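Hi everyone, thanks for making time today.

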Amino acid sequence: MTAFIKDTLIGFWSLLAGLGVTIRYFVKPIVTVQYPREKLTMSPRYRGHTEFIIDPETGSHLCNACENCARTCPSNVISVTGVKVAGTKKKRAVTYVLDYSLCSLCGLCVEVCPTKALKFSDEYRLAGFSRQDMIIDVIARLQAQQRALGLPEEVPPVPEAEEAKTEETKGGEGES
Amino acid sequence: MQFLLAEGARIGISLIGVIGLVSINALFLIWMERKVSAHIQLRPGPMEVGFHGALQTIADALKLIGKELITPEDADKLIYLLAPIVMFLPVLVSFIVIPFSPTLLIRDLNVGILLIFAFSTMAVLAILMAGWSSNNKYSLLGAIRSVAQTIAYEIPLLITAMSVIIMVGSLKLTDIVAYQATVWNVLFQPLAFILFIICGTAETNRAPFDIPEAESELVAGFHTEYSGMRFAIFFLAEYTNMFIVSAVATVLFLGGWRGPILPPLVWFLLKVYAIIFLMMWFRWTFPRLRFDQLITLGWKILIPLSLANLILTALAIKIF
Amino acid sequence: MMLEKGIEEKTFYLNLGPQHPATHGVLRVVLEMDGEFIANSEPIIGYGHRAHEKMAELRTYQQYLPNMGRVDYLHALAYNQCYCMAVEKLTGIQVPERAEFIRVITSELNRISSHLLWFGAYLLDLGAFTPFLYCFDDREHILDLLDRITGSRLTYCFYRFGGVPVDVDEEFIAGTRAFISRLRSRWNDYDTLVTKNVIFINRTRDVGIMTPEQALKYGVTGPNLRGSGIPYDIRKSEPFSVYPLFDFEIPLGERGDVLDRYVVRLQEMEQSLRIIEQALDKLPEGPIMAEKVPKRLKPPEGEVYTAVETARGEFGIYLVSKGDVKPYRLKLRVPCFSNLSVMPELFQDVMVADAVAILGSLDLVIPDIDR
Amino acid sequence: MTSPIIIPSLEAILGADKLTELDYAATGCHVRAEAVPEQMPAVAAAMLEQKFYLASLTALDLVESLELVYHFASFYQLCRLVVHAPLAKGAAAPTISHVYPGADWFEREVFEMFGITFAGHPNLKNLILPEDADFHPLLKDFVASS
């Protein structure tokens with residue numbers, strides 16, 4: 001009997017103690033971020049979709065269309081085509097399109113790039129209305145960035161006399 | 001003839017007043033619940049519609065009005081339709097006797113407190129009707145739970161109210177308020193007050209006693225199948241029930257409308273909303289009981305305690 | 001007929017899931033009910049099957065890395081680590097010590113975040129909403145920390161064969177230390193709000209008792225097993241990575257009920273904090289990536305079994321290589337699979353409310369079961 | 001080496017030449033045993049007696065034949081045992097689910113993924129795949145569509 005009364009009192013006290021915790025939090029300031037009004041900065045290693053690094057020397061990208069990234073990608077996100085630039089023996093990317101809806105954010109493409117042409121963008125507003133919205137034209141994005149920086153816009157190189165090896169590109173028109 | 005007209009006008013005005021009060025009260029309480037829960041959980045709650053989301057509930061109400069009313073195919077249609085009404089009407093009736101202030105009350109019945117308790121019990125009937133007629137196993141389980149646990153909290157609720165009533169010697173709510181002119185009953189009856197709040201929380205089916213709806217177990221319990229306004233009526237009834245239970249607690253224990261400086265109505269509402277805040281605070285703090293545990297709690301703790309309290313009160317009255 | 005026999009006693013079937021508030025994921029449990037009591041139960045799984053094992057046979061070793069973040073998304077880094085260890089064992093790659101430390105720190109942080117999420121979601125099952133938000137507040141700090149070095153917040157794909165691709169910085173270390181003291185200051189609130197709460201104790205004590213024999217026969221591992229009092233933790237009993245360098249304890253339960261499993265998890269978070277603290281103190285300098293890891297990995301022929309202790313128990317990878325760039329067979333031994341298979345035994349003659357409490361206490365991640 | 005404790009009991013069932021001690025650091029297992037599926041219930045019973053649990057049960061498709069692979073481990077000491085049991089295509093293996101109830105689900109998974117039937121299994125139906133699926137995805141001749 002006494003044990004029962006004791007248990008009841010301890011139980012009742014535990015409830016009051018619990019109420020004490022919640023009322024303490026009730027008067028604490030809130031911790032959530034009111035998203036569209038306040039924004040957080042993305043972490044330095046945030047993995048958004050990839051974009052080209054603008055090379056300070058040339059003001060353009062470094063991609064030589066070796067397709068290492070496209071081959072490494074587990075989900076076939078990347079389609080890249082390149083042509084041999086007239087006068088040099090080097091290849092250069094003409095199109096670089098991501099189907100971001102398939103991306104699993106592993107970051108292998110950036111790691112595998114031999115010319116270190118890729119980086120992660122800090123774009124996080126990635127919702128779209130259709131699958132088409134998920135197709136990202138990295139070259140167009142680069143051009144937009146160049147315009148914003150006042151650099152001369154990237155002009156995709158014209159193929160040499162022989163016809164450029166073109167590959168099937170996925171999706172339709174990209175947007176930035 | 002003139003008497004009938006006057007009486008008719010009085011009833012009409014009261015009805016409109018009550019329905020208006022019920023709606024505004026529910027809108028306010030839902031907003032308040034959101035804000036209380038939000039701040040307990042370190043977040044701001046609704047902020048977008050109106051000042052600090054004050055109009056959010058109205059937006060939700062409009063949404064609910066616009067929603068399709070679904071009736072399950074194999075439902076017992078008549079009972080299914082009646083259940084929300086059976087839930088809501090008794091709640092309205094209770095407003096007849098609640099004394100908001102010395103002047104603001106519809107009918108000062110001699111058996112006021114009995115009327116409220118009698119009608120509030122009908123909520124269980126409504127829950128049973130809703131759960132049974134939905135033809136949904138979750139709803140049925142919810143309904144059965146509700147019926148099974150009724151006695152566990154109804155009896156101590158009545159007995160604790162009884163200890164106040166034998167002190168006052170009247171079932172009339174205004175008499176009970178008048179009795180507390182100098183000292184509130186809660187000082188004589190602290191245990192009864194605590195028991196009344198616990199049983200009142202169970203009476204309104206709110207956490208930690210929200211066993212008939214227990215969303216993590218029974219999806220939404222007895223109102224799983226209800227949608228649109230029918231669901232909204234259950235919701236409205238729940239919040240109005242909270243108001244009534246708190247109003248009764250205010251009258252029985254906290255001196256009703258009495259208080260210095262401020263007008264009586266303000267005092268009354270302040271006390272009622274303070275008790276409602278307490279109930280919300282419970283909800284956002286405690287886990288839910290299992291339904292047999294509520295019955296155990298009722299029979300092993302609440303009923304003996306309330307009986308002991310009643311006997312002590314009776315003895316005290318006899319002696320002094 | 002009915003009247004002659006009196007009221008016929010009948011059981012009925014109740015579907016708990018696949019869409020139900022208490023099943024964290026698309027798990028369906030068919031319950032044969034006798035009133036509020038459960039007579040029989042059968043879990044039905046497979047709604048989230050993504051053929052991870054088949055995918056392994058179609059992808060190169062590197063390409064399979066992101067999959068490991070998606071089997072058990074709550075403790076992704078342990079899975080990531082196990083897969084890397086399996087391949088490293090097969091190819092004989094030595095991982096630098098600093099990389100192992102970073103792995104342990106991040107994996108333990110991830111374990112805490114997994115336990116915190118379980119804690120919150122479990123209280124949600126029991127009808128308490130608020131603790132869920134409190135521990136999400138704490139978990140958010142872990143996600144920020146991990147985001148800082150791994151670049152993502154949930155489906156981490158961070159470890160690589162031979163090490164980790166990114167080194168930790170001072171800010172991460174300082175942030176982790178701040179987090180450790182922050183979380184420690186919260187234990188008291190958690191205890192007062194939940195662990196000592198009389199309603200919580202009544203809901204969990206002596207509910208869903210799992211005996212050590214049942215655990216043995218069903219291969220239950222992890223906190224569920226330790227709640228039954230068996231001190232089996234792969235970090236201790238089969239030391240991998242640099243865990244032997246750290247001093248930590250294995251919390252144990254006594255009765256094997258829901259409350260014990262809860263307490264074990266809560267105490268494990270504190271032990272993880274201890275491991276992280278020691279790892280930060282002892283963090284050696286040095287490279288974070290093994291030298292000469294080929295870009296196109298071709299492990300020699302052979303087979304290997306590696307196991308790690310995840311937040312839910314033993315995760316094992318049985319990897320068979322035939323000397324190709326793709327695995328020949330990769331079997332994922334997932335903890336939740338075995339932990340769920342014991343559930344019908346625990347569901348014998350309990351009420352629906354208890355069933356929800358037991359189901360939650362097993363800490364299931366459904367995609368982990370379905371793979 | 002911690003392995004000898006289980007070797008005597010297994011030798012009695014399988015014969016000494018069927019057991020090999022493995023390099024734990026390279027393979028993650030201490031002992032490898034070769035068995036025929038018919039011996040598995042006896043092996044399982046022996047392992048349960050030694051308080052080992054069934055860590056994993058799976059199969060390998062070796063194109064010409066199949067192979068069942070059992071992994072046992074212990075809660076109480078560091079010892080992992082892998083048992084390989086070759087099986088002809090189309091043949092049935094005896095169940096061990098009466099010894100280890102936990103093997104029930106593992107066997108159902110092997111059944112649906114590889115098409116191996118387990119004789120004596122109480123409830124051999126698809127576990128993860130849809131109930132009416134009649135294909136076996138983990139066989140090498142199953143081609144994934146994308």
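How many residues does helix α4 of chain A have, and how far does α4 of chain A reach from its first C-alpha to its last? Before I answer, some housekeeping. This is a predicted model, where local features need pLDDT of at least 70 and side-chain atom pairs count only at pLDDT 80 or more, while totals for chains, interfaces and linings use all residues. Residues are numbered from 1 along each chain as its sequence is written, chains are lettered from A and ligands numbered from 1 in the order in which they are written, and side-chain values use heavy atoms, with hydrogens and water left out.

Now the answer: α4 of chain A, residues 138-149, has 12 residues and reaches 16 Å. That is close to the 16 Å expected at 1.5 Å a residue, where the expected span is 1.5 Å times one less than the number of residues. Helices here are DSSP runs (H or I, at least four residues), strands are E runs of at least two, and both are numbered from the N terminus.

Let's look at its buried side, where buried means under 20% relative accessible area, exposed over 50%, and partly exposed in between (1.4 Å probe, protein chains only). The buried residues of α4(A) are A:Val138, A:Ile139, A:Arg141, A:Leu142, A:Gln143 and A:Gln146. Among the elements that cover them are β1 (50-52), β3 (91-99) and β5 (135-137) of chain A. At the N-terminal end, A:Asp137 caps the helix, with a side-chain oxygen 3.1 Å from the backbone nitrogen of A:Ile139. After the helix comes A:Gly150, with a positive phi near 75°.

On to the chains. Which chains share the most contacts? Of the 4 pairs of chains in contact, that is C and D, with contact meaning heavy atoms within 4.5 Å. Chain C gives 42 residues and chain D gives 51. The area buried between them is about 3700 Å², and carbon and sulfur atoms give 60% of that. Buried area is the accessible area (1.4 Å probe) that two parts lose on being put together, summed over both. C:Lys54, C:Leu216 and C:Tyr328 supply 18% of the area that chain C buries against chain D, more than any other three residues.

There are 7 salt bridges between C and D, each a side-chain nitrogen of Lys or Arg within 4 Å of a carboxyl oxygen of Asp or Glu. One of them joins C:Glu303 and D:Arg32 (3.8 Å, N to O).

Next, chains C and B. Here chain C brings 34 residues and chain B brings 23. The buried area is about 2500 Å², with 62% from carbon and sulfur atoms. The salt bridge count is 2, and C:Asp354 with B:Arg290 is a salt bridge in this contact (2.8 Å, N to O). On the side of chain C that touches chain B, β1(C) gives the most, with 5 residues.

And which chains stay apart? Chains A and D do not touch, their nearest C-alpha atoms being 10 Å apart. Chains B and D do not touch either, with nearest C-alpha atoms 25 Å apart.

One last stop: is B:Leu312 buried or exposed? B:Leu312 sits in helix α13 (residues 291-319) of chain B, and B:Leu312 counts as exposed because its relative accessibility is 57%.

Technical notes: Polar contact = N/O pair within 3.5 Å; in protein donor to acceptor, adjacent residues only side chain to side chain.
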